[in-house]
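Okay, thanks everyone for coming.

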Amino acid sequence: MDLLEEINWGLIAPLFIIQLILLIVSFIDLSRIEKTNGPKLLWVFIIVFVNIIGPILYFVIGRRND
């Protein structure tokens, strides 16, 4: 329990909120867009399992701007 009390939640909470917002926005965008660079299922796994970098990778690489 001492470990949890030593964590600076003032630094962790904004990162958690940013990650959550990126996750939600990327899923909404992924569901609306018809074509992506690569299979959609692969992007779902990248968004979910590559924490904060996954949604950023999706917006930079995965989104097709036709």
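So, first thing to ask: which residues in H2 are buried? Bear in mind this is a predicted model. In H2, the buried ones are Ser26, Asp29 and Leu30. As for what covers them, that includes H3 and helix H4, residues 53–62.

H2 runs over residues 9–32.

Now the packing. H2 and H3, which is residues 40–49, pack at about 175 degrees, with axes 11 Å apart. That makes the pair roughly antiparallel. On the H2 side you've got Leu23, Ser26, Phe27, Leu30 and Ser31, and they meet Lys40, Trp43, Val44, Ile47 and Val48 in H3. By class, that contact has seven nonpolar residues, two polar and one charged.

Next, H3 against H4. Their axes come within 7 Å and cross at roughly 145 degrees. H3 brings Trp43, Ile46 and Ile47, while H4 brings Gly54, Pro55, Leu57, Tyr58, Ile61 and Gly62. Here the tally is seven nonpolar, two polar and no charged residues.

And what about the largest nonpolar core, which residues are in it? Five of them: Leu30, Ile33, Trp43, Ile47 and Tyr58. If you click on Ile33 and skip its neighbours within four places in sequence, you'll find it in contact with Lys40, Tyr58, Arg63 and Arg64. As general background, nonpolar side chains tend to be buried together in soluble globular proteins.

That's my tour, happy to take questions.

How values were computed:
Residues numbered from 1 in each chain as written. Predicted model: local features only at pLDDT ≥ 70, side-chain atom pairs only at ≥ 80, totals over all residues. Heavy atoms only, no water. Axes fitted to C-alpha atoms, helices over the stretch in contact; angles between N-to-C directions. Helix = DSSP H or I, 4+ residues; strand = E, 2+ residues; numbered from the N terminus. Parallel < 35°, antiparallel > 145°, perpendicular 65-115°, else oblique. Contact = heavy atoms within 4.5 Å. Nonpolar A, V, L, I, M, F, W, Y, C, P; charged D, E, K, R; others polar. Buried < 20%, exposed > 50% of the residue type's maximum accessible area, 1.4 Å probe, protein only. Core = buried A, V, L, I, M, F, W, Y, C linked by side-chain atoms within 4.5 Å.
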